[in-house]
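Hello,

Here is the structure we talked about handing over. My notes on its contacts and strands follow below.

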Amino acid sequence: MLMPASRAVARAVLLTVAGVTAAGCGGTPSTSSGSAQDADRSSTAAASQPGGTSRDADSSPHQEEQMKMQITIGDQRLQATIFDSAAGRDLITQLPLTIDMVDHGSVEKTGPLPAPLSRDGQPDGADPDIGDVGYYAPGNDLVFYYGDQSYYSGIVIIGRLDGDAANLIADLDGAITATAEVHTG
């Protein structure tokens with residue numbers, strides 16, 4: 001597949017930054033709250049990740065290929081780790097984006113993407129955890145999960161909100177506008 005030069009350069013830079021970042025990290029960064037809970041959730045989520053691999057960055061065989069995304073909502077800057085998958089790579093190529101997101105069921109914020117993400121290699125559906133970044137294929141929506149959502153066909157887990165980002169999103173009532181861009185440092 002031939003990519004436009006700007007996308008190819010952006011991808012090369014992103015993968016280089018991700019590789020340097022991963023190589024420089026000696027362990028899991030600690031967060032002020034929920035780190036033990038997140039670690040436990042990551043180990044139990046391994047079965048739902050394509051190929052049965054864990055979503056924990058330290059145990060992932062492709063940790064150097066994970067990509068970082070910065071999310072700005074109002075004056076808050078949050079981060080997410082996007083997994084190296086067809087859908088994750090497709091999302092990164094669409095960045096930067098400003099997405100108007102609505103609240104669904106007090107468990108998730110969803111907003112439309114400009115183009116569909118690939119579902120190659122993904123299961124038919126998923127049971128997202130609090131803090132997951134997802135793609136809802138039937139609606140072509142990016143999703144930030146901050147509450148408990150059960151299994152649903154068409155959900156693809158594409159990443160994980162970092163630190164306490166899920167709690168911060170949970171505290172935002174109603175619709176939001178989120179700007180997502182590649183995080184470079």
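First, the exposure terms: buried means under 20% relative accessible area, exposed over 50%, and partly exposed in between, with a 1.4 Å probe and protein chains only. This is a predicted model, in which local features need pLDDT of at least 70 and side-chain atom pairs count only at pLDDT 80 or more, while totals for chains, interfaces and linings use all residues. Residues are numbered from 1 along each chain as its sequence is written, and side-chain values use heavy atoms, with hydrogens and water left out.

Salt bridges

Side chains of opposite charge can pair when their charged atoms come close. The rule here asks for a side-chain nitrogen of Lys or Arg within 4 Å of a carboxyl oxygen of Asp or Glu. It gives 4 salt bridges. Among them is lysine 68 with aspartate 162, whose closest N and O atoms are 2.6 Å apart. These two sit 94 residues apart: lysine 68 in strand β1 (residues 67-73), aspartate 162 in the loop between β9 (155-161) and α4 (165-170). Helices (H or I, at least four residues) and strands (E, at least two) are DSSP runs, numbered from the N terminus. Lysine 68 is partly exposed, at 27% relative accessible area.

Aspartate 84 bridges to arginine 89, again with closest N and O atoms 2.6 Å apart. Aspartate 84 is partly exposed at 24%. Arginine 89 is partly exposed at 27%.

Aspartate 132 meets arginine 160 at 3.1 Å, N to O. This pair links strand β6 (residues 132-136) to strand β9, 28 residues apart. Both aspartate 132 and arginine 160 are buried.

Aromatic pair

Rings of Phe, Tyr and Trp (its six-membered ring) pair if their centres lie within 6.5 Å; planes under 30 degrees apart are stacked, over 60 edge-to-face, the rest tilted. The count is 1 aromatic pair. Tyrosine 136 and tyrosine 152 have ring centres 6.0 Å apart and planes at 55 degrees, so the pair is tilted. Tyrosine 136 is partly exposed at 24%. Tyrosine 152 is partly exposed at 45%.

Strand β1

In β1, 6 of the 7 residues are buried, so the strand is largely enclosed by the rest of the structure. Strands pair if DSSP finds at least two bridges between them. β1 pairs antiparallel with β2 (residues 76-82) over 7 bridges. Methionine 69 has alanine 80 as its bridge partner there. The two strands form a hairpin with 2 residues between them, and glycine 74 in the turn has a positive phi of about 60 degrees. β1 also runs antiparallel to β10 (residues 176-182), joined by 5 bridges. Glutamine 70 faces glutamate 181 in β10.

Best wishes
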